[in-house]
Each structure stands twice: as structure tokens, then as C-alpha cells.
Amino acid sequence: MEAKDLRIGNYVCQRHNHLVNAPGYATDISKPMIIHTIKPVRGRRYFVRFNGAGYDTDVEKSLVPIPLTDEWLERLGFRLVCGYGWEISTDEGSFLWIDPDDDFTFSFGVPYEASGNRRQIKYVHELQNLYYALVGRDLAVRAVAPTCQ
């Protein structure tokens, strides 16, 4: 995972023992964390704040992406349609469609219609970023997954 692929609001997990807890804070590495701040410091190091604690870290070594799963799609507000795929509608009437049988391929536009607007999504932060770029707002997370596994 590269720092340039992350933005405030993204969910990520911590790689085991790569972040040192700030004084007074305990971080459970088994739980997903939401990024509240991400700023370059020097070279490959970034200041990242999540769950109340801030770290000066190499993002590529310390954070790992969360694989996109049916559970995460449901928590992000998508609904399963006829057991075939996941969709969410926007206020503008467009649909975002995810096909889990096609390696979580993401489509945008008219539902159930093949189009060139397709992209494979592997991780939760990629879906969060693509949704924000297309719709202009963050996906609302109903409940965070209990673990990073």
C-alpha cells in the first residue's frame, strides 16, 4: 500500500508490530482503523493519525489494505441484489454495481448494462476513494468489521 493511495476517511489495518503506540494510547492491531490525518514528513515517512493516536511511519511498511468482502460491502451501504451482485444508488439516480463473481469488478452508471465504466476493486480504501471521486462524498460506514482478518 502506498501513501499516495490513501485519503482521510480510509479504513486500513496495521501490520503487526510496525507502529509504536504513542504515550497514553493503545492500538488493537486486529481492528480496522480510520485515517484522520495523513501528511508527508520526509522521504517515505508520513505522519498518520487514527483512533486518537498519531505516528511518524513508513506507510508501506506499517499499514495493510483491507480486502473487499461481502461483509464490507454490506457495512458500506451496498445491498445484495438477487444473489448476483451488490449495488448502491446515488442521490443523482446513478448506480454503483459490484460483481463479486468477477473479482469485485466495479461498474458505474445504468444498472445491469455492460459498459466501459468497469474497474476491478480489491480493497476497501480503493472502493472508498473511487466512490468519493464519482459521487463527491464518502461512503457511510454502518459498522466497522470486528477484525482485520
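User: So what is the strand order in the open sheet of five strands?

Analyst: The order is β4-β3-β2-β1-β5, and the pairing is antiparallel. Strands pair here if DSSP finds at least two bridges between them, and strands (E, at least two residues) and helices (H or I, at least four) are DSSP runs, numbered from the N terminus. Before we go on, this is a predicted model: local features need pLDDT of at least 70, side-chain atom pairs count only at pLDDT 80 or more, and totals for chains, interfaces and linings use all residues. Residues are numbered from 1 along each chain as its sequence is written, and side-chain values use heavy atoms, with hydrogens and water left out.

User: Good to know. Which strands stand at the edges?

Analyst: Those are β4 and β5 (63-64). Each has a single partner strand, so one side of each is left without a neighbour in the sheet.

User: How many bridges join β3 to β4?

Analyst: Six bridges, between residues 45-50 of β3 and residues 53-58 of β4, running antiparallel. Arg49 has Gly54 as its bridge partner in β4, and Phe47 has Asp56. The two strands make a hairpin with two residues between them, and Asn51 in that turn has a positive phi of about 50 degrees.

User: And what about β2 and β3, how do they pair?

Analyst: β2 (residues 33-42) pairs with β3 in the antiparallel sense, over six bridges. Ile38 stands opposite Val48 in β3. These strands also form a hairpin with two residues between them, where Gly43 in the turn has a positive phi of about 55 degrees.

User: Let's zoom out. How many helices and strands does the protein have?

Analyst: Three helices and ten strands. Along the sequence the pattern reads β-β-β-β-α-β-α-β-β-β-β-β-α. If you take contacts (heavy atoms within 4.5 Å) between residues at least 6 apart in sequence, 51% of them join residues at least 24 apart.

User: What share of the residues is buried?

Analyst: Buried residues make up 41% of the 149. Buried means under 20% relative accessible area, exposed means over 50%, and partly exposed is in between, with a 1.4 Å probe and protein chains only. The protein exposes about 8300 Å², with carbon and sulfur atoms supplying 50% of that; accessible areas come from the Shrake-Rupley method with a 1.4 Å probe, and for residues only the protein chains shown count as cover.

User: Now the inside. How many residues are in the largest nonpolar core?

Analyst: There are 23, and Leu68, Trp72, Leu73, Phe78, Ile98 and Leu127 have the most contacts inside it. A nonpolar core is a set of buried Ala, Val, Leu, Ile, Met, Phe, Trp, Tyr and Cys residues joined through side-chain atoms within 4.5 Å.

User: Which elements give two or more residues to this core?

Analyst: They are β1 (11-14), α2 (70-75), β7 (85-89), β8 (95-99) and α3 (124-135). The most come from α3, with five residues. Apart from this core lies another of twelve residues, including Leu6, Val12, Ile35 and Val59.

User: Back to Leu127: what is it in contact with, leaving aside neighbours within four places in sequence?

Analyst: Its partners are Leu68, Leu73, Leu76, Phe78, Ile98, Phe106, Ile121 and Leu139.

User: Nice. How many aromatic pairs turn up?

Analyst: A search of the whole structure finds two. Rings of Phe, Tyr and Trp (its six-membered ring) pair if their centres lie within 6.5 Å; planes under 30 degrees apart count as stacked, over 60 as edge-to-face and the rest as tilted. Tyr11 and Trp72 form a tilted pair, 5.6 Å centre to centre with 55 degrees between the planes. Tyr11 is in strand β1 and Trp72 in helix α2, so the pair ties together parts that are 61 residues apart in sequence. Phe50 and Tyr55 are also tilted, at 5.4 Å and 35 degrees.

User: Are Phe50 and Tyr55 buried or exposed?

Analyst: Both are buried, and both Tyr11 and Trp72 are buried too.
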